[in-house]
Amino acid sequence: MIRTRNRAPTRSARSSFRARLVKAARSEPGRIRRVLVLALPTVWGAVAISYKLACPLAQQTGLGARIVSSVVFFAVGTGLILHVRQGLLRELREIRAVAGAAQNVLIRPLPPRLDGLALAAGQLSADRGASVGGDLYDVVATDHGVRVVMGDVRGHGLAALATVGAVLGSFREAAHDEPELGRVLRRLERAHARHLRQRSRDEHPATLGAEPDHPLAEEFVTVLLLEIRPDGAVHALNCGHPWPYLLRPGAERCVEPMTGGDPMPPLGPFPLPAELAPVRCGRVLPGEGLLLHTDGIEDARDGHGRFFPLQSTLTDVVRRRTVVPQAVLHAVYGRLLRHIGGLPSDDAAVLVLRNDRRRVPVQSGEPVVRTAHKVL
């Protein structure tokens, strides 16, 4: 006689069982919601049909009976409308949550501090309901220094998101891989060209193998690349983008454009020069800051056609105060919205950073001046 013995379930079997329980528990609210979506309209319809067929009052033709019937059907219709409205609002919230998550992956929120720099950035999209558009920015700490990109895709809103993704994706890799800033810019140019070629094949298959004769051939991206060295020296490559502002609280001229000569053409219409030598624009000393922006800020106009006075706004904000990136950001956007009296007609991005590094005193036998980060 062969005996059988009940064996205890193995660890893998118990784990699989628990996983099925967790999955069932998580899916239960979704099932209940789907049942309610179908059940509630059915109940409302059943109430209306039952009243019409079974209630004696519904068969009468008097004024009072008609008023009661109208009230009943009005209540049923109102319930159906509210039910549909609730479903649409729930779907809208879910869509916005998904869109917000996707936008945060594309233009990821910057940390408040990075390699001794305090940061704050924001963007206003020209498309209602979108938090990102055709402007791009990012800051990464690398072995070659802190590298910053600020750019503006031709056009605005959601139609420019694909180009933003192509340029930012290339920057986030090249900033770490390339020791020279010029080679980073070269990588951005190639990524932008590949993106336009792929869009050309997808949207205009008839032009495959030939020069595209459509609006994609004229798309461009303005790009400003900065490299902030440990001593605060700023090196830049500018392709048709506005130069940043240097913020020096307490100085006689507390807000000055940090320029490096004439910028190169934007990426797209013309090839980059063979030699890409970064220009040294100056230094950001401890306590000083930089403000990078897109042309949607200074090109914003009020009802009388006057441009937004960005430099005077920054002067009022930092004249006798410490550069606080979040405070500068809020002040610029607050005055910008009051100036234009509504939403901007073009995407408007701002990035503010402050140098929180401080010098370490030179020790005996140490000829090199090092930098360290101030602990706030």
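Contact is defined here as heavy atoms within 4.5 Å. The structure is a predicted model, in which local features need pLDDT of at least 70, side-chain atom pairs count only at pLDDT 80 or more, and totals for chains, interfaces and linings use all residues. Residues are numbered from 1 along each chain as its sequence is written, and side-chain values use heavy atoms, with hydrogens and water left out.

Helices (H or I, at least four residues) and strands (E, at least two) are DSSP runs numbered from the N terminus; two strands pair if DSSP finds at least two bridges between them. An open sheet is built from five strands, ordered β3-β4-β5-β6-β9, with antiparallel pairing. Because β3 (135-142) and β9 (279-283) each have a single partner strand, one side of each edge strand lacks a neighbour in the sheet. From one strand to the next, the twist averages 20°, where axes are lines fitted to C-alpha atoms (for helices over the stretch in contact) and angles run from 0 to 180 degrees between N-to-C directions. Eight bridges join β4 (residues 145-153) to β5 (residues 221-228) in the antiparallel sense, and V146 is opposite I228 of β5.

Two helices accompany these strands. Helix α3 (residues 161-177) packs on the sheet and touches β3, β4 and β5, its direction making about 15° with that of β3. Helix α4 (residues 181-203) lies across β4, β5 and β6 (233-239) and runs at about 155° to β5.

Within β5, E227 is buried (under 20% relative accessible area, 1.4 Å probe, protein chains only; exposed is over 50%, partly exposed in between), at a relative accessible area of 4%. Apart from neighbours within four places in sequence, E227 contacts H144, V146, R147, L181, A233, V234 and H235.
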